Amino acid sequence: MDYAPFMALSAFLPLAARTALWQVPEDEVWIVERHRRFHRALAAGRRLAVPLLDQVKARVELTQQMLLWPPAPREDSVDEPAGDVFTAQDGGKVEIRMRILWRVTDPVRAGYQPNGPGLAIDDLAAAILRRLIAGLPQEAAMTSRSALDRELTSALTEQAGWAEIGSVRISEVLAHPVPVRA
């Protein structure tokens, strides 16, 4: 009896088992695609996959995350980052610094956000703030942080149906100097 085919198969089995068994970390969900289409979402634990057919589209964290505006400076940087600048109703400009606490509640929808869930929250917050501040004069925008917090929280909760917004805290609203033309 020829044992060569069995020897080749026995050498291939450990490799196939290792590539077919995925370990999904705690507090994560992996979005798996087959033939570039959604196939399933894998919860934490050891999961079986079909090698070469199944591919991980996204790894979505389920823990609470914090979005800082402006982003924290890099360790090697001495410059303080500038916040986003928004134009008020009267043409004045304000700079916003804030933090948003959020977590994913629907990992499949979050995994299909074009630039990832973190940037989707960032973009939504910028668009909502742009709309809110455009309806206020500069002085009102600078003095109504708590009202902006509440409105931003409710609008983000409504528009990001795949995430739960824990809290929004605007730490500073600064008047942005308008450059003088010489």
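This is a predicted model: local features need pLDDT of at least 70, side-chain atom pairs count only at pLDDT 80 or more; totals for chains, interfaces and linings use all residues.
Colleague: Which element has the lowest mean pLDDT?
Modeller: Helices (H or I, at least four residues) and strands (E, at least two) are DSSP runs, numbered from the N terminus. Strand β2 (residues 28-34) has the highest mean, 96. The lowest, 64, belongs to helix α1.

Colleague: In what order do the elements run from the N terminus?
Modeller: There are five helices and nine strands. The order is α-β-β-β-β-β-β-β-β-α-α-α-α-β.

Colleague: Is S167 buried or exposed?
Modeller: S167 sits in strand β9, and its side chain makes a polar contact of 3.3 Å with that of R99. Such a contact is a pair of N or O atoms within 3.5 Å; within protein, one must be able to donate a hydrogen and the other to accept it, and residues adjacent in sequence count only if both atoms are side-chain atoms. Buried means under 20% relative accessible area, exposed over 50%, partly exposed in between (1.4 Å probe, protein chains only). S167 has 18% relative accessibility, so this residue counts as buried.

Colleague: Which residues does E172 contact, leaving aside neighbours within four places in sequence?
Modeller: E172 lies in strand β9 (residues 163-176). At 34% relative accessibility, E172 is partly exposed. Contact means heavy atoms within 4.5 Å. The partners are E95, I96, R97 and R145.

Colleague: How many residues apart in sequence are the parts that the E172 and R97 pair ties together?
Modeller: A salt bridge is a side-chain nitrogen of Lys or Arg within 4 Å of a carboxyl oxygen of Asp or Glu. E172 and R97 form one, at 3.5 Å, N to O. E172 lies in strand β9 and R97 in strand β8, so the pair ties together parts whose separation in sequence is 75 residues.

Colleague: Which residue forms a salt bridge with R103?
Modeller: R103 is partly exposed, with 31% relative accessible area. The closest N and O atoms of the bridge are 3.3 Å apart, and the partner is E164.

Colleague: Where does R169, the salt-bridge partner of D149, lie?
Modeller: The D149 and R169 side chains meet at 3.7 Å, N to O. D149 lies in helix α5, 20 residues from R169, and R169 is in strand β9.

Colleague: What relative accessible area does D149 have?
Modeller: R169 is partly exposed, at 45%. D149, by contrast, is buried, and its value is 9%.

Colleague: Which residues do salt bridges with shared partners join into one network?
Modeller: The protein has five salt bridges. Those that share partners join E95, R97 and E172.

Methods
Residues are numbered from 1 along each chain as its sequence is written. Side-chain values use heavy atoms; hydrogens and water are left out. pLDDT is the predictor's confidence in each residue, from 0 to 100.
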